[in-house]
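Please work through each one with the structure at hand before reading the solution.

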Amino acid sequence: NSFGTSNADFPPGDPGMYQLDVTLRRGQNLAARDRGGTSDPYVKFKLGGKEVFRSKTVHKNLNPVWEEKAYILIDNLREPLYIKVFDYDFGLQDDFIGSAFLDLTTLELNRQTDVTLSLKDPHYPDHDLGSIFLSVLLAPGDQREATMLMRKSWKRSSKVTLDFWHNNYDLLPSMPYRNGNFCHRIYCPSKCVLITVGFVTLNKHHGTFQTQSLRLSDLHRKSQLWRGIVSVTLIEGRELKAMDANGLSDPYVKFRLGHQKYKSKIVPKTLNPQWREQFDFHLYEERGGIIDITVWDKDVGKKDDFIGRCQIDLSTLSKEQTHKLEMPLEEGEGYLVLLVTLTASAAVTISDLSINSLEDQKEREEILKRYSPMMMFHNISDVGFLQVKVIRAEALMAADVTGKDSFSKSDPFCVVELNNDRLLTHTVYRNLNPEWNKIFTFNIKDIHSVLEVTVYDEDRDRSADFLGKVAIPLLSIQNGEQKAYVLKNKQLTGPTKGVIYLEIDVIFNAVKASIRTLMPKEQKYIEEEDRLSKQLLLRNFIRMKHCIMALVTAVCYISSCFDWDSPPRSLAAFLLFLFVVWNFELYMIPLALLLLLAWNYFLIVSGKDNRQHDTVVEDMLEDEEEEDDRDDKDSEKKGFMNRLYAIQEVCVTVQNILDEIASFGERIKNTFNWTVPFLSWLAIVALSVFTVLLYFIPLRYIVLVWGINKFTKKIRNPYAIDNNELLDFLSRVPSDVQVMQYHELKQDPTHSPSKRKKNNPA
């Protein structure tokens with residue numbers, strides 16, 4: 001129970017690897033860091049300068065109780081465990097409370113020890129900052145099993161926490177290899193699955209490394225990764241606490257289930273907000289879990305005010321049933337009204353290449369039957385089935401430089417994402433041409449989703465290094481074709497080194513997909529926070545300018561007809577004007593849009609589409625990528641931006657508004673340009689139906705039906721989520737920026753491994 005390091009020798013019979021089981025019990029008399037004389041403490045464990053554990057945050061408590069367990073692998077007992085306590089501040093830098101060292105050499109093997117650590121601040125060594133109570137157990141590693149430690153740190157938007165593994169799997173002891181690497185074995189008792197991740201063996205005769213793929217037990221070679229879906233609909237708040245000087249608040253709600261987080265929209269100036277938003281969480285634990293809910297008041301230019309909090313214990317709710325909950329807020333005033341539904345998970349699995357659902361005739365028939373036209377109105381949210389074979393990669397970028405001869409290698413692994421479903425492969429060590437041979441399956445909730453496949457280099461001592469990424473819209477996939485995709489940079493604007501070989505199959509129900517298109521998009525819970533960017537702001541101004549110039553060009557074209565700049569054109573326009581005005585009917589408006597769609601389709605099919613590729617957006621995106629790199633390097637030097645929070649937030653808001661307006665215009669253009677044929681055909685069907693209705697049915701009857709539906713919607717379904725079908729449709733159409741990002745690059749034959757060997761024999 002001491003501070004600092006120790007020079008004591010290792011215990012006799014040192015196995016070289018230890019497992020430290022730490023239970024974070026509680027804190028006592030912690031220092032207050034908030035204006036209210038309290039703190040929101042959480043704890044970090046660091047080993048060798050790397051964070052290995054982070055606790056949950058206990059709000060407004062100087063004597064917090066955590067009772068959380070951490071399992072840490074130790075390969076050097078002389079390196080102390082560093083414990084740091086912080087006060088969580090939303091939107092600002094967290095305040096440091098205190099720190100302490102745990103000398104591991106003072107611990108007795110295989111004996112549970114209670115430890116009390118006094119927190120200190122190096123700048124104020126005489127201050128009493130409170131105490132942290134731990135229970136620790138140090139045990140030697142098992143030399144008979146060679147296993148690998150799970151990845152613990154990821155870059156910003158690619159963070160995958162170990163909550164899933166810690167909550168669902170037993171972590172077994174580990175030991176190092178002679179090359180310093182080590183592995184970890186994971187056992188899932190509920191599924192009888194034994195997984196050995198990244199199992200590396202040393203070939204003594206040839207001095208090379210051999211890597212085995214992820215191995216599952218013979219009982220279950222295909223494993224389902226989560227057990228259910230929790231659907232939460234945030235309806236409204238009632239009688240919330242007033243936090244602003246005007247007697248009102250600007251409330252929003254934050255949800256958290258394990259590592260999954262959502263944030264609702266902000267409803268300004270009200271104590272009885274109406275949200276009508278829906279979020280989906282993955283349920284990993286069979287017994288359920290606890291959703292933490294906090295309510296905040298948005299304040300521009302300063303820290304947001306805490307209104308209250310509540311929790312939902314999912315273990316108390318029955319499955320396959322919608323529960324209406326009125327949750328009183330603790331540490332505050334008012335209620336939240338929510339709808340919570342627990343449903344079983346479907347078709348999210350990982351397996352070896354030999355276990356192929358679509359090659360099994362019986363399984364394939366069941367999948368085809370599930371998404372056949374006869375099932376079009378059964379479970380509208382289950383749109384389709386996606387199978388991704390991650391086969392191999394070639395000529396990847398070398399991220400690690402080792403050895404006397406500066407021998408460059410990488411330790412690549414692959415992350416496959418579809419909306420909020422994120423799965424990953426094992427790591428292939430010291431290899432620039434890895435083979436994974438894994439199959440991932442997903443259920444599709446929106447056919448307009450984009451499959452993202454990212455390759456990283458695993459680094460034991462720091463965050464994983466980015467190697468490349470591809471984004472593939474589901475509607476652009478050609479089933480059963482093995483393709484080589486050129487890896488792109490982070491912004492998806494240009495190529496980086498390497499290609500990845502994928503084989504993808506998509507099966508979906510077109511009717512369900514069309515209906516789902518007119519519903520709100522699923523919100524991603526892992527997204528980068530908005531940041532101020534000079535290049536991004538300039539890019540949005542240019543996009544906005546293009547939209548305005550398109551309107552100006554149209555107005556000038558019409559004016560030229562009035563001015564008779566071209567007599568034949570003006571004469572034709574005059575005759576068309578007389579004909580249309582004399583015979584005008586409302587159905588001609590959708591009919592004109594139909595003709596425009598048909599004309600563009602004819603140009604594309606006949607090969608007469610001469611529209612030039614717009615390189616302005618591409619150039620701006622490349623500049624933004626360069627600025628991102630500079631921001632990453634200079635982030636520590638730009639701390640003064642935190643002091644300009646209010647100005648930055650206003651600029652970010654302007655930046656986002658410009659993006660939304662420009663994207664809206666580009667999406668309308670891309671609908672008529674047949675950028676996504678599925679959506680253009682869907683628009684043709686809708687316009688055709690609308691044209692027929694306007695031709696045969698008087699407008700007043702159509703308006704009457706529309707008005708009755710709008711007025712009675714809340715009576716028929718009080719908790720219906722508000723949406724606009726037209727805006728939901730347009731949200732599926734990609735903007736010009738997204739078209740650029742999703743564009744598939746052609747493989748350069750000079751970059752193939754064989755070509756390089758010929759061009760550079762050395």
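**Exercise 1.** Does R111 count as buried, partly exposed or exposed?

*Solution.* The model is a predicted one. The relative accessibility of R111 is 49%. The exposed class begins over 50%, so R111 counts as partly exposed. Its salt-bridge partner is E108, at 3.1 Å from N to O. E108, with a relative accessible area of 46%, is partly exposed.

**Exercise 2.** Determine which parts of the chain are tied together by the salt bridge between E326 and R238.

*Solution.* The two side chains meet at 3.4 Å, N to O. E326 belongs to strand β22 (residues 322-328) and R238 to strand β16 (residues 228-238), so the bridge links parts 88 residues apart in sequence. Relative accessible area is 41% for E326 and 28% for R238.

**Exercise 3.** Locate R732 and D446, and state whether they are buried or exposed.

*Solution.* A salt bridge of 2.8 Å, N to O, joins the side chains of R732 and D446. R732 is in helix α11 (residues 725-732), and D446 is in the loop between β30 and β31, so the pair ties together parts 286 residues apart in sequence. Both residues are buried.

**Exercise 4.** Describe how helices α6 and α9 are arranged.

*Solution.* The axes of α6 (residues 588-606) and α9 (residues 677-696) come within 9 Å and cross at roughly 150°. Angles over 145 degrees count as roughly antiparallel, which means that α6 is roughly antiparallel to α9. Their crossing is left-handed. The contact comprises twelve nonpolar, three polar and no charged residues.

How values were computed:
Residues numbered from 1 in each chain as written. Predicted model: local features only at pLDDT ≥ 70, side-chain atom pairs only at ≥ 80, totals over all residues. Heavy atoms only, no water. Axes fitted to C-alpha atoms, helices over the stretch in contact; angles between N-to-C directions. Helix = DSSP H or I, 4+ residues; strand = E, 2+ residues; numbered from the N terminus. Parallel < 35°, antiparallel > 145°, perpendicular 65-115°, else oblique. Left-handed = near helix turned anticlockwise from the far one by under 90°. Nonpolar A, V, L, I, M, F, W, Y, C, P; charged D, E, K, R; others polar. Salt bridge = Lys/Arg side-chain N within 4 Å of Asp/Glu carboxyl O. Buried < 20%, exposed > 50% of the residue type's maximum accessible area, 1.4 Å probe, protein only.
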